[in-house]
Amino acid sequence: MSAKNDISTIGISTGGGDCPGLNAVIRAAVKSAVLKHNWKVIGIQDGFEGLIWPDKARPLELADVSGILPRGGTILGTTNRGNPFSYVTTESGKEITRDVSDQVIANARKLGIDALIVIGGDGTQKIALDLQRKGLNVVGVPKTIDNDLSATEITFGFDTALHTATEAIDKLHTTAESHHRIMVVEVMGRDTGWIALEAGIAGGAHVILIPEMPFTVASIRRYIEKRLSIGKRFTIIVIAEGCPLPADMQKNYGEERRKLPRFGAIGNLVGQELGRELKREVRVAVLGHIQRGGSPSPFDRILSTRFGVAAVDLVARGEFGKMVCLRQARIHSVSLEEAVNATKCVDPSGEMVLTAKATGVCFGDS
């Protein structure tokens with residue numbers, strides 16, 4: 001690929017799950033590339049699939065990004081099933097998995113792309129790292145509502161998802177209190193509890209359940225019974241989708257859990273068991289993809305814009321194989337190897353958890 005002084009065309013792709021702020025990154029990168037460097041920009045449609053099938057690629061000009069700052073989603077489309085190192089196709093009625101990474105790099109060259117800005121979470125950045133190792137000039141931008149990338153203090157999309165989840169908890173308070181019910185709210189987060197923890201604190205939840213802290217239904221039941229004894233007739237429980245089935249539910253629900261999808265089931269199972277144990281009505285709300293949608297918050301718009309400009313600056317300096325990040329409120333960069341090295345998990349002994357416990361929040365731990 002080209003040396004840093006020979007850049008004339010860059011590509012931009014969005015991979016993995018969508019989230020608020022993607023369009024803001026695209027807008028900032030296009031405007032910076034065109035206005036600051038006079039580069040040509042090519043939008044890669046549907047993640048890496050746009051390089052597997054290059055007819056999906058299209059030029060991005062200033063007019064194409066006009067007005068997209070407040071829009072959720074991504075104008076380029078995205079997918080979490082387009083891994084070029086393990087691409088699944090159907091041939092003669094059978095699923096075939098192939099490595100098409102060489103084809104992706106060849107297609108990028110045919111399109112005249114000197115460097116590719118890849119916007120995505122850990123899975124997308126791992127693919128970007130592998131493509132970088134094979135000769136494609138890549139710069140990464142961290143994206144996930146889960147906020148689980150260890151190389152950056154925060155990812156864009158998280159703040160908006162946090163607002164959405166908090167608003168939902170706020171609304172459930174009034175109906176839970178009116179009907180004297182237990183409400184279980186399941187939020188996203190994959191294998192980490194950042195959304196559950198922070199939305200739970202912000203929304204005044206009474207119980208917060210996260211993957212990093214094993215819990216039991218018995219502990220939650222005792223906590224609810226204690227609330228009842230002092231006249232508190234309703235309880236709000238926030239649970240992260242990645243929570244494993246608690247030990248005291250394995251016997252009755254272990255087989256059922258194994259048959260259910262990886263995410264989107266734990267809230268219903270815990271709610272069902274609490275209702276059986278307490279002999280009370282329990283209602284479950286699974287927020288799901290509602291958390292991914294909507295207009296990005298002002299914080300996410302600003303962070304996305306900063307990331308987009310910083311990514312273009314990395315390309316201009318020839319600093320490939322890196323990802324932009326936020327550290328101590330300033331934009332920095334790290335190697336892609338460091339970016340995907342570890343998952344950022346909630347510290348059970350950290351300040352955030354201790355703050356919640358000090359205000360009476362139950363985490364279901366003994």
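Analyst: One begins with terms: contact means heavy atoms within 4.5 Å, while helices (H or I, at least four residues) and strands (E, at least two) are DSSP runs numbered from the N terminus. This is a predicted model, in which local features need pLDDT of at least 70, side-chain atom pairs count only at pLDDT 80 or more, and totals for chains, interfaces and linings use all residues. Residues are numbered from 1 along each chain as its sequence is written, and side-chain values use heavy atoms, without hydrogens and water.

User: Which residues of H5 meet H6?

Analyst: Phe158, Ala161, Leu162, Ala165, Thr166 and Ile169 of H5 meet Trp194, Ile195, Glu198, Ala199, Gly200 and Ala202 of H6.

User: At what angle do the axes of H5 and H6 cross?

Analyst: Axes are lines fitted to C-alpha atoms, for helices over the stretch in contact, and angles run from 0 to 180 degrees between N-to-C directions. The axes of H5 (residues 158-179) and H6 (residues 194-202) cross at roughly 50° and come within 9 Å.

User: What is the order of the strands in the open sheet?

Analyst: Strands of a sheet pair through backbone hydrogen bonds, either parallel or antiparallel. Two strands count as paired if DSSP finds at least two bridges between them. Here the four strands have the order S9-S10-S8-S11, with parallel pairing. S9 (207-209) and S11 (282-286) stand at the edges with a single partner strand each, so one side of each lacks a neighbour in the sheet.

User: How many bridges join S9 to S10?

Analyst: Three bridges join S9 to S10 (residues 235-240); Val207 has Ile237 in S10 as its bridge partner.
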